[in-house]
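Please look over the sequence and the structure shown here before reading the notes that follow. They are meant to be read slowly, with the model in view.

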Amino acid sequence: MRGLVIRNTGSWYQVKTEDGTLIHCKIKGSFRLKGIRTTNPVAVGDYVRIILNQEGTGLISEIEDRKNYIIRKSSNLSKQSHILAANLDQCMLVVTVNYPETSTTFIDRFLASAEAYQVPAKLVFNKTDMYDEADLAYLDSLIDLYTYIGYPCFRVSALTGTGIEEVKRDLQGKVTLFSGHSGVGKSTLINAIQPEIGARTGEISSYHKKGMHTTTFSEMFPVEGSGYLIDTPGIKGFGTFDLKEEEIGHYLPEIFRESEHCRYYNCTHRHEPDCAVRKAVEEHRISQSRYTSYLNIIEDQEEGKYRAAH
């Protein structure tokens, strides 16, 4: 029997079969022994084959090939990575310039990972109703930057409803991953887009300006018309996974474009002579923040902050 994994609650998975039946499933014992290097061998968005048992629950016996997925380094070092979701048409990163602030490093790591796994990415700038003049000026500069690179940006307020319809239209007919730090208003935004989902919302800790975790597991919800929206737990950091140093520049589109003009084909854009990328940074055709993020990702790989893949 074939089905779509719509919810992951640790060791149990909720699978929606082709006739719409929901079946609670576990992974078949031998399935875990196939050298899968993730904390979650099955992800929300996976199409799977299941075997029903007498109790009405099922065993997942096979995963169909994925067209793509979004992955990040796991905080559990005994594994290598954590798949946020699979078989995506796009992902939307919910960003706030304050309350709490989302760093450009975090944004760029997420975007680089989306590029590496061939998932089109968009940015949703939330809480626009809360910003002062300085915050709004910074917001404008970020939207200008990422739009110029080629990432569509939405300016929204989940509380006032500003920009919600535009996001809603963009979800039609697509499987979309929603991600972001805890506290950026992701659950409130999902409620504004699709009230019947009833995603839980949480208060911001005013002392730390950090988000309180409200979503515990990834879950897939049908959206009005057609398509699915996947809600994921708020993430604190986004370690890029398994990228080779010489490939990292490929996943920052404007750096990749300029790198064609470097003297050396394997230029790392740090110290080599006649580096077109460094020249573009000096001439403000590549932003300093993006170049800093690029160096930051390279340092991660060099320092071996995470165990290498087996």
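Glu-18 is exposed, since its relative accessible area is 63%, and a residue counts as exposed when that value is over 50%. This is a predicted model, and within it Glu-18 forms a salt bridge with Arg-2, in which the closest N and O atoms are 3.1 Å apart. The points below begin with this pair, go on to other salt bridges, and then turn to one strand and to the protein in general.

- Arg-2 is partly exposed, with a relative accessible area of 24%.
- Arg-2 also forms a salt bridge with Glu-64, and here the closest N and O atoms are 2.6 Å apart.
- Glu-64 lies in the loop between β5 (58–63) and β6 (69–73), whereas Arg-2 is in strand β1, so this pair ties together parts of the chain that are 62 residues apart in sequence.
- Glu-64 is partly exposed, its relative accessible area being 22%.

- Where do the side chains of Asp-231 and Lys-186 lie, buried or exposed? Both Asp-231 and Lys-186 are buried, and their side chains meet in a salt bridge with an N to O distance of 2.8 Å.
- This pair, too, links distant parts of the chain, with Asp-231 in strand β15 (residues 228–231) and Lys-186 in helix α4 (residues 186–193), 45 residues apart.
- Salt bridges that share partners join Arg-2, Glu-18, Arg-49 and Glu-64 into one network.
- The structure holds 18 salt bridges.

- Strand β9 (residues 121–125) is largely enclosed by the rest of the structure, because 5 of its 5 residues are buried.
- In a regular strand, the side chains alternate between the two faces of the sheet.
- In β9 both faces are covered, with Ala-121, Leu-123 and Phe-125 buried on one side and Lys-122 and Val-124 buried on the other.
- Strand β8 (residues 90–95) runs parallel to β9 and is joined to β9 by 5 bridges; in this pairing, Cys-91 stands opposite Ala-121 of β9.
- Together, β8, helix α1 (residues 104–116) and β9 make a right-handed β-α-β unit.
- Strand β10 (residues 153–155) also runs parallel to β9, with 3 bridges joining the two, and Phe-125 stands opposite Arg-155 in β10.
- The chain passes from β9 through helix α2 (residues 133–149) to β10, and this β-α-β crossover is right-handed.

**The protein in general**

- The protein has 8 helices and 15 strands, and buried residues make up 51% of its 310 residues.
- Among contacts between residues at least 6 apart in sequence, 64% join residues that are at least 24 apart.
- The accessible surface of the protein comes to about 15,000 Å², and 49% of this surface belongs to carbon and sulfur atoms.

Definitions and conventions
Residues numbered from 1 in each chain as written. Predicted model: local features only at pLDDT ≥ 70, side-chain atom pairs only at ≥ 80, totals over all residues. Heavy atoms only, no water. Buried < 20%, exposed > 50% of the residue type's maximum accessible area, 1.4 Å probe, protein only. Helix = DSSP H or I, 4+ residues; strand = E, 2+ residues; numbered from the N terminus. Pairing = 2+ DSSP bridges. Right-handed = clockwise from strand over helix to strand, strands pointing away. Contact = heavy atoms within 4.5 Å. Areas by Shrake-Rupley, 256 points an atom, 1.4 Å probe, with all protein chains shown as cover. Salt bridge = Lys/Arg side-chain N within 4 Å of Asp/Glu carboxyl O.
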